[in-house]
Amino acid sequence: MHALTEEQKQILLSTPLLRGIDAKEADALLDCLDPTLRRIPRDGAVLSAGDTPRAVGVVLEGDLHIVHDDYWGNRAILSTASAGDVFGEAFALGPAQPLPVSVIAKRDSRVLLFDSRRMLHPCPHACAGHTALLRSMILVLAGNNISLTDKIRHITKKTTREKVMSYLSEAAAKAGKNSFDIPFNRQEMADYLAVERSALSATLCKLRDEGLIGFRKNHFTLYC
């Protein structure tokens, strides 16, 4: 399966793109799509703002941040992607236009890049996996749209305190417990919530002093 390790194969088969497709069909589909495996060093760009994207990516190892940097270098983190996540699909499958965001590796990562044109057009072999792939892509787009809606709900709160409590509440709900890790350090959390780092730190300390939360680095516990 294109020089992938056994662990990478299993991650790929569990992604929303290939979930439900058996290993034999997946092999045929990958022969058709001919994806590119890339290693991205820490802080390296998978995609850069200004590119015209043609690839839908799957993270096999590592963590990515989808970011927007304004003219003055201020960074906003729009979303994250870790092993098994799909990224870039909305831009690659839409009308060709310069990419407004960059996809940056938070640590050494490996990604598999699929040419969107091969994904959209049925292959001449009429493989069953291709039809399933197109159905799965709709679910991926829907899921990522929900994630973006979650972020909008957090950052449209009026105060830093409300933004933090909204985000941590959502993280606890997704984890299914009141103690959990988040994928951000303090600066990244501030960039994600569109607040100043100093204001974020002050708010976290105040919530801790009030007995509402506990935290150490990126591990949080919520209390009633």
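Predicted model: local features only at pLDDT ≥ 70, side-chain atom pairs only at ≥ 80, totals over all residues.

Residues are numbered from 1 along each chain as its sequence is written, and side-chain values use heavy atoms, with hydrogens and water left out.

**Entry 1: the cores**

Which residues does F114 touch, not counting those up to four places away in sequence? I found L12, L30, L33, P35, R54, A55, V56, V58 and M119.

I then looked up nonpolar cores (sets of buried Ala, Val, Leu, Ile, Met, Phe, Trp, Tyr and Cys residues joined through side-chain atoms within 4.5 Å). Buried means under 20% relative accessible area, exposed over 50%, and partly exposed in between, with a 1.4 Å probe and protein chains only. The largest core has 23 residues, and L12, L17, F114 and M119 touch the most other members. Two or more residues of this core come from each of α1 (6–14), α2 (23–33), β3 (55–61), β8 (109–115) and α5 (128–155). Helices (H or I, at least four residues) and strands (E, at least two) are DSSP runs, numbered from the N terminus.

I noted a second, separate core of 22 residues, with I77, I182, Y192 and L200 among them.

**Entry 2: the rings**

How many aromatic pairs does the structure hold? I have 6. Rings of Phe, Tyr and Trp (its six-membered ring) pair if their centres lie within 6.5 Å; planes under 30 degrees apart are stacked, over 60 edge-to-face, and the rest tilted.

Y71 and W72 pair edge-to-face, at 5.4 Å between centres and 80° between planes. Y71 is exposed at 75% relative accessible area, and W72 is exposed too, at 70%.

Y167 and F184 have centres 6.2 Å apart and planes at 40°, so I logged this pair as tilted. Y167 is in α6 (160–175) and F184 in the loop between β9 (179–181) and α7 (186–193), so the pair ties together parts 17 residues apart in sequence. Both Y167 and F184 are buried.

K151 lies over the face of Y192, 4.2 Å from the ring centre; the test is NZ of Lys or CZ of Arg within 6 Å of the centre and within 35 degrees of the ring normal.

**Entry 3: D191**

D191 lies in helix α7. Leaving aside neighbours within four places in sequence, D191 contacts R75, A76 and I77. D191 is buried yet has no salt bridge (a side-chain nitrogen of Lys or Arg within 4 Å of a carboxyl oxygen of Asp or Glu). The nearest side chain of opposite charge, R75, is 5.9 Å away; Lys and Arg count as positive, Asp and Glu as negative, and His and the chain ends are not counted.

Note on methods: Contact = heavy atoms within 4.5 Å.
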